[in-house]
Amino acid sequence: MDEIKLVKKARKGDDAAFEELIYLHQNQLYRTAYIYVQNKEDALDVVQETVYKAYLSLDQLKNPQYFKTWLIRILIHNANELLRTGKKLIKIKDESKYETSDEPTNKTNQTEQNIDLMAAIQQLDNSYQTVIILYYYHDLSVHQIACHMNVPEGTVKTYLHRARKSLKKLLEGSEQGWINNSLMMR
């Protein structure tokens, strides 16, 4: 069924429609939460809180076509709120946890690169972090991100540029090729 129709049905009180909407976006919600909080339990808590808040405030969603963006906004707010408590801040510093054998395979290299990238994203300012996650992990356009963040499109472009530059700087020392390819492909 069309997502907009599901949103309209959910707004009228159809719980099955709301459940289907959450099912459609559950993987993206979890991945985004995990990027922010860096552990499974907290990511699941953030997703659960997001679904709860979305359910309670679904009538406040003005435009059904922006359901996903609205849901992600709630999720990012919840993740930042969890991180602000200071208790749940996880730093990826234990490099021994990610040690590999003497002959790393392509898969382990990719895993290491992903871990480096995730750690670097966590070091960015909140605005830069949000822009990178929405642009690269959720494939939102600059216009959609601007609506989500309530900032002009030019500001989003500036945030993207500065975030890429910061990530490149943070990841220097890693293999330059994959950094440039990963950040500049889109």
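1. Basis. The model is predicted, so that local features need pLDDT of at least 70 and side-chain atom pairs count only at pLDDT 80 or more, while totals for chains, interfaces and linings use all residues. Residues are numbered from 1 along each chain as its sequence is written, and side-chain values use heavy atoms, with hydrogens and water left out.

2. Val156, Tyr159, Leu160, Ala163, Arg164 and Leu167 are buried (under 20% relative accessible area, with exposed over 50% and partly exposed in between, for a 1.4 Å probe and protein chains only). These residues cover an arc of only 130° around the axis, which puts them on the same side of α8 (the arc is taken from the directions from the helix axis to the C-beta atoms). The face turned away from the buried side carries exposed Lys157, His161, Lys165 and Lys169.

3. Threonine 130. This residue of helix α6 (residues 126-137) counts as buried at 7% relative accessibility, and its side chain makes a polar contact of 3.1 Å with the side chain of tyrosine 36 (N or O atoms within 3.5 Å; within protein, one must be able to donate a hydrogen and the other to accept it, and residues adjacent in sequence count only if both atoms are side-chain atoms).

4. Aromatic pair. The structure holds five aromatic pairs (rings of Phe, Tyr and Trp, the last by its six-membered ring, with centres within 6.5 Å; planes under 30 degrees apart are stacked, over 60 edge-to-face, the rest tilted). The rings of tyrosine 30 and tyrosine 34, with centres 6.1 Å apart and planes at 40°, form a tilted pair.

How values were computed:
Helices (H or I, at least four residues) and strands (E, at least two) are DSSP runs, numbered from the N terminus.
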